[in-house]
Amino acid sequence: MVMHNPPHPGEVIRELCLAPLGLSVTEAAEGLGVSRKTLSALLNGRFGISPEMAIRLSKAFGGSAESWLIQQAQYDLWQAT
């Protein structure tokens with residue numbers, strides 16, 4: 001089911017993954033094995049979730065890599081219309 005006006009996945013990561021765990025951007029970036037700049041760009045909607053990042057997010061926060069990519073695709077499709 002396609003969501004109506006879905007949030008950018010970065011917003012989901014910030015609100016549902018980082019905030020409940022009390023993680024800073026720096027701490028989360030270190031845990032994901034990416035630079036702070038890369039994670040910050042994702043969280044602020046300047047980057048999308050790549051397949052590699054989807055795998056990292058899946059390992060760190062749960063959910064399948066496919067579910068992370070589906071969120072990105074739903075957001076991208078909504079923005080394109």
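Mentor: Start with burial: a residue is buried at under 20% relative accessible area, exposed at over 50%, and partly exposed in between (1.4 Å probe, protein chains only). This is a predicted model, in which local features need pLDDT of at least 70, side-chain atom pairs count only at pLDDT 80 or more, and totals for chains, interfaces and linings use all residues. Residues are numbered from 1 along each chain as its sequence is written, and side-chain values use heavy atoms, with hydrogens and water left out.

Trainee: At what angle do α1 and α5 pack?

Mentor: Axes are lines fitted to C-alpha atoms, for helices over the stretch in contact, and angles between N-to-C directions run from 0 to 180 degrees. Angles under 35 degrees are called roughly parallel, over 145 roughly antiparallel, 65 to 115 roughly perpendicular, and the rest oblique. Helix α1 (residues 9-21) packs on helix α5 (residues 65-80) at about 135°, and their axes are 9 Å apart. The pair α1 and α5 is therefore oblique.

Trainee: Which residues make that contact of α1 with α5?

Mentor: Contact means heavy atoms within 4.5 Å. From α1 come Pro9, Val12, Ile13 and Cys17, and from α5 come Trp68, Gln71, Gln72 and Tyr75. For classes, Ala, Val, Leu, Ile, Met, Phe, Trp, Tyr, Cys and Pro count as nonpolar, Asp, Glu, Lys and Arg as charged, and the others, Gly among them, as polar. On that scheme the contact of α1 with α5 has 6 nonpolar and 2 polar residues, and no charged ones.

Trainee: What is the angle between α2 and α3, and what is the hand of the crossing?

Mentor: A crossing is left-handed if the near helix is turned anticlockwise from the far one by less than a right angle, and right-handed if clockwise. Helix α2 (residues 25-32) meets helix α3 (residues 36-43) at about 110°, with axes 8 Å apart. The two helices α2 and α3 are therefore roughly perpendicular. The crossing of α2 past α3 is right-handed. On the α2 side the contact uses Val25, Thr26, Ala28, Ala29 and Leu32, and on the α3 side Arg36, Leu39, Ser40 and Leu43. By class, the contact of α2 with α3 divides into 6 nonpolar, 2 polar and 1 charged.

Trainee: Which residues of α3 are buried, and what covers them?

Mentor: The buried ones in α3 are Leu39, Ser40, Ala41, Leu42 and Leu43. Their cover includes α1, α2 and α4. Take Ser40 as the example: its relative accessible area is 16%, so Ser40 is buried. Not counting residues up to four places away in sequence, Ser40 touches Val25 and Arg46.

Trainee: How do α4 and α5 pack?

Mentor: Their angle is about 125°, with axes 8 Å apart. That value makes α4 oblique to α5. The crossing of α4 and α5 is right-handed. In this contact, α4 supplies Pro51, Ala54, Ile55, Leu57, Ser58 and Phe61, while α5 supplies Ala65, Trp68 and Leu69. The contact of α4 with α5 divides into 8 nonpolar, 1 polar and no charged residues. Between these helices, in the loop, sits Ser64. Ser64 and Ala54 are 10 residues apart along the chain, and their C-alpha atoms are separated by 7.9 Å.

Trainee: How many residues does α5 have, and which of its residues are buried?

Mentor: The expected span of a helix is 1.5 Å times one less than its number of residues. With 16 residues, α5 reaches 23 Å from its first C-alpha to its last, close to the expected 22 Å. Ala65, Trp68, Gln72, Gln74 and Tyr75 are its buried residues, and they pack against α1 and α4 (51-61). Leu69, also in helix α5, has a relative accessible area of 30% and is therefore partly exposed. Leaving out residues up to four places away in sequence, Leu69 touches Ile49, Ser50, Pro51 and Ala54.

Definitions and conventions. Helices (H or I, at least four residues) and strands (E, at least two) are DSSP runs, numbered from the N terminus.
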